[in-house]
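Look over the sequence and the model before reading on.

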Amino acid sequence: MKRWIPLIVFLILVGFFAKGLFLNPREVPSPFIGKAAPAFTLPVVGDANTSFSPADMKGKVWVMNVWAPWCVSCRQEHGLLMALAQSQPTPIVGLNWKDKQREAEQLLAQQGSPYFAVPNDLSGKVGIDYGVTGTPETYVIDKEGIVRMKHVGPISPDIWKEKFEPKLKELGV
Amino acid sequence: MSRGRMSWQLFSRSLLFSLALVSAPAAWAAEAESIGADPAIEQRMIKLSEELRCLVCQNESLAGSHAELAEDLREEIRVQMKAGKDDKEVINYLTTRYGDFVLYRPPFKPLTLLLWFGPALFLALGAGVWYFTLKKRRNLKETPVDEKQLAAAAHLLEDNK
């Protein structure tokens, strides 16, 4: 028995390393889960006189997708978001993050907009308030305005099915 | 034009070129400095952001990163410091947004106890194993060797000479 101890210790170590190897280092736990989504008021892309604020969404479960026209992996999920806007009831708000070239309006006109509203976060301050580290990032916010989930990186159909759908169901969508 | 003059020209040109190369970083530094007008705040900002993680390039500090987000965050730290906030308030601003992950020095709390005491725990564990191994070794009785075996051993040694 005794001579197996080093091997057992070694295998435990290998187990830890293997687990660590397959973790996504981008998936940093968000301190906002279970807390109120930070408030903001931003003008909407394409219409500087209209503004959007998370308070407008009180009473609704909604999804906030942080994206940018310069972000390549956002294009990857654009098709899926378009389909989701058609097929399911949860409104998707697209926070346009640091769009210094002001390309969002044109891009959405060309490729279609899956978004319920597109607040324009030109300085990137609102993104920082939400702890955004890069685009795309997607938040699920409940009826009381509390952040329930955060997903880092583009959404795939599988991720939507496995991660978002159960959460939205739980929140009563 | 003589050959000597030609090479002199070449030499002076390459000298100028290398001088330009050497002085280029200095020019850059001067440019960067003008953004943070107040050198005291600049120094405080750099000192603080060396202890913070850049969230884009996770193995770089916020002070050393060229990522755009890092630049924005450094600017935010500058603004807050200028507004009179102390280091603790600035760190609080960042941790409420990005979590403890931004800190290279993890905070001391129940969740991080194992992180802080883990090394000491392993050291104690090792010391324990060492102590008991030594103790066991000391308790080993010397096994008596009989004459016959000794003679056989001497014989073998003898043979090998």
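## The loop between β4 and α3 of chain A

Lys98(A) sits in the loop that runs between β4 (92-97) and α3 (104-111) of chain A. Its phi is near 50°, a positive value in a residue other than glycine. Lys98(A) counts as buried, because it has 21 C-beta neighbours inside 10 Å. Buried means 20 or more other C-beta atoms within 10 Å of the residue's own, exposed means 12 or fewer, and partly exposed is in between; C-beta atoms are placed from the backbone.

Arg102(A) is also found in the loop between β4 and α3 of chain A. Arg102(A) is not a glycine, yet has a positive phi of about 55°. With 12 C-beta neighbours inside 10 Å, Arg102(A) counts as exposed. Helices (H or I, at least four residues) and strands (E, at least two) are DSSP runs, numbered from the N terminus.

## A cis peptide bond

Thr135(A) and Pro136(A) are joined by a cis peptide bond, with omega about -10°. Pro136(A) lies in the loop between α4 (125-129) and β6 (137-141) of chain A.

## Where the chains touch

Eleven residues of chain B are in contact with eleven residues of chain A. Contact means C-beta atoms, placed from the backbone, within 7 Å. On the side of chain B that touches chain A, α3 (68-82) and α4 (87-98) of chain B each supply at least two residues.

## Basis of the model

This is a predicted model: local features need pLDDT of at least 70, side-chain atom pairs count only at pLDDT 80 or more, and totals for chains, interfaces and linings use all residues. Residues are numbered from 1 along each chain as its sequence is written, while chains are lettered from A and ligands numbered from 1 in the order in which they are written.

Conventions:
Two residues are in contact if their C-beta atoms, placed from the backbone, lie within 7 Å.
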